[in-house]
Amino acid sequence: MLETSARLLRLLSLLQSRRDWTGPELAGRLEVTARTVRRDVERLRALGYPVHASPGTTGGYRLGAGAALPPLLLDDEEAIAVALCLRTGAGGSVEGIEETSLRALAKLEQVLPSRLRHRVQAMGAVAVSRPPAAADAVAPDVLALIGAACRDRERLRFDYLTHDGTAGRRTAEPHSLVHHGRRWYLLAWDTDRQDWRTFRVDRMEPKSPTGPRFAPRRPPTDAAAYVARGVTSRAYRHQAVVTLHASAESLADRASWGFATIEAAGPDRCIVRTGAESLDVLALYIGTLGVDFEVHEPPELAAHLRDVAARLARGAGGDA
């Protein structure tokens, strides 16, 4: 059986890892009685942790928000993840986050054990982030509200501005926040359209409060893959499908970039799906991959590439 101080830390870690716990669940994890759990909860409350309890057979314990921020309990990997995220400032995709991130990072690194501090500094030294345009930045409170709705499985109401400039009210069951291509996206089940949808967070204006709660659904594929497939083509005027004469593994670093999805079509073939607002951008992207290719869609892209090739040949002094 754990000593009291160690047990309190374990209890706190459990309460932070999940929204709701029953008394028997906590007692089983800690290998103590339900009465001991109640006493330990009171000790946490005395230390400033707002642990809420609800009676009855469906009741339990929940770590809530208090008037002051109590100490957080992080394991080694969680501490490293938080420090690296603070160091990169979420890639500049969260509005006004850079200075705040540096202040929080200084506090965290001050108390990190030497072994963890060296790991964070080593990884931060080689990590390079490229900030997006300021117009795509998202306010931290918006991300926090959406993230909490995903975690707590609560319906989200929000005003949304579509790609073509149409505004409207949406209601959705949020599943995941995905950071892709230097933007934030929400994968959610649209209750009005009865289908999965991807929403750009910088175009959302969430309404508070959230709710009611919903039973979780399983998306058709991995959340990050679903968002990547959707945003690299559907939102653009021109949508392209191209076969590249190289393996998917050899092009993975160049063919994704948040701008395209890539899938293997054999040992030396892969299919890239991408999109852009202009054919010139598509031509430039495909040309910079440095391998032979075949254009399947759209037909006008193949014609545009022939025009570009002729123009380049003339500029180089060769035959068109």
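Reply: Happy to! What you see is a predicted model, in which local features need pLDDT of at least 70 and side-chain atom pairs count only at pLDDT 80 or more, while totals for chains, interfaces and linings use all residues. Residues are numbered from 1 along each chain as its sequence is written, and side-chain values use heavy atoms, with hydrogens and water left out.

Four strands make an open sheet, in the order β9-β10-β8-β11 and with antiparallel pairing (strands are DSSP runs of E with at least two residues, helices are runs of H or I with at least four, and both are numbered from the N terminus; two strands pair if DSSP finds at least two bridges between them). At the edges lie β9 (260-264) and β11 (293-297), each pairing on one side only. On average, neighbouring strands here are turned by 25° against each other, direction ignored (axes are lines fitted to C-alpha atoms, for helices over the stretch in contact, and angles run from 0 to 180 degrees between N-to-C directions).

Now let's follow the pairing strand by strand. In β8, six of the seven residues are buried, so the strand is mostly covered. Seven bridges join β8 to β10 in the antiparallel sense, and Val242 stands opposite Val272 in β10. β8 also runs antiparallel to β11, with four bridges between them; here Val241 stands opposite Glu297 in β11. Moving to β9, we find five bridges to β10 (residues 270-276), again antiparallel. Thr261 faces Arg273 in β10 across this pairing, standing opposite it.

Helix α10 packs on this sheet and touches β8 (238-244), β9, β10 and β11, with its direction at about 150° to that of β10 (contact means heavy atoms within 4.5 Å). Helix α11 (residues 299-315) packs on the sheet too, touching β8 and β11, and its direction makes about 140° with that of β11.

Let's zoom in on α10, which spans residues 279-288 and has Leu279, Leu282, Ala283, Tyr285 and Ile286 buried. Why do they sit on the same side of α10? Because they cover an arc of only 165° around its axis (the arc is that of the directions from the helix axis to the C-beta atoms). On the face turned away from that buried side, you will find the exposed residues Leu284 and Gly287. After α10 comes Gly290, whose phi is positive, near 75°.

Leaving aside neighbours within four places in sequence, Leu282 is in contact with His238, Ala240, Thr274, Gly275, Ala276 and Leu301. Leu282 also belongs to the largest nonpolar core, which has 19 residues; Leu244, Leu251, Leu282, Tyr285 and Leu301 touch the most other members (such a core is a set of buried Ala, Val, Leu, Ile, Met, Phe, Trp, Tyr and Cys residues joined through side-chain atoms within 4.5 Å). At least two residues of this core come from each of β8, α9 (248-255), β10, α10 and α11. α10 gives the most, with five residues.

Across the whole structure, a search finds four aromatic pairs (rings of Phe, Tyr and Trp, its six-membered ring, pair if their centres lie within 6.5 Å; planes under 30 degrees apart count as stacked, over 60 as edge-to-face and the rest as tilted). One of them joins Tyr160 and Phe199 edge-to-face, at 5.1 Å centre to centre and with 80° between the planes. Tyr160 lies in strand β3 (residues 156-161) and Phe199 in strand β6 (residues 195-200), so this pair ties together parts that are 39 residues apart in sequence. Tyr160 counts as buried at 9% relative accessibility, and Phe199 is buried with a relative accessible area of 1%. Another pair is formed by Trp189 and Trp196, whose ring centres are 5.7 Å apart and whose planes are at 80°, so it is edge-to-face. Trp189 is buried, at a relative accessible area of 12%, and Trp196 is buried at 8%. Finally, Phe158, Tyr160 and Phe199 form one aromatic cluster.

Key:
Buried < 20%, exposed > 50% of the residue type's maximum accessible area, 1.4 Å probe, protein only.
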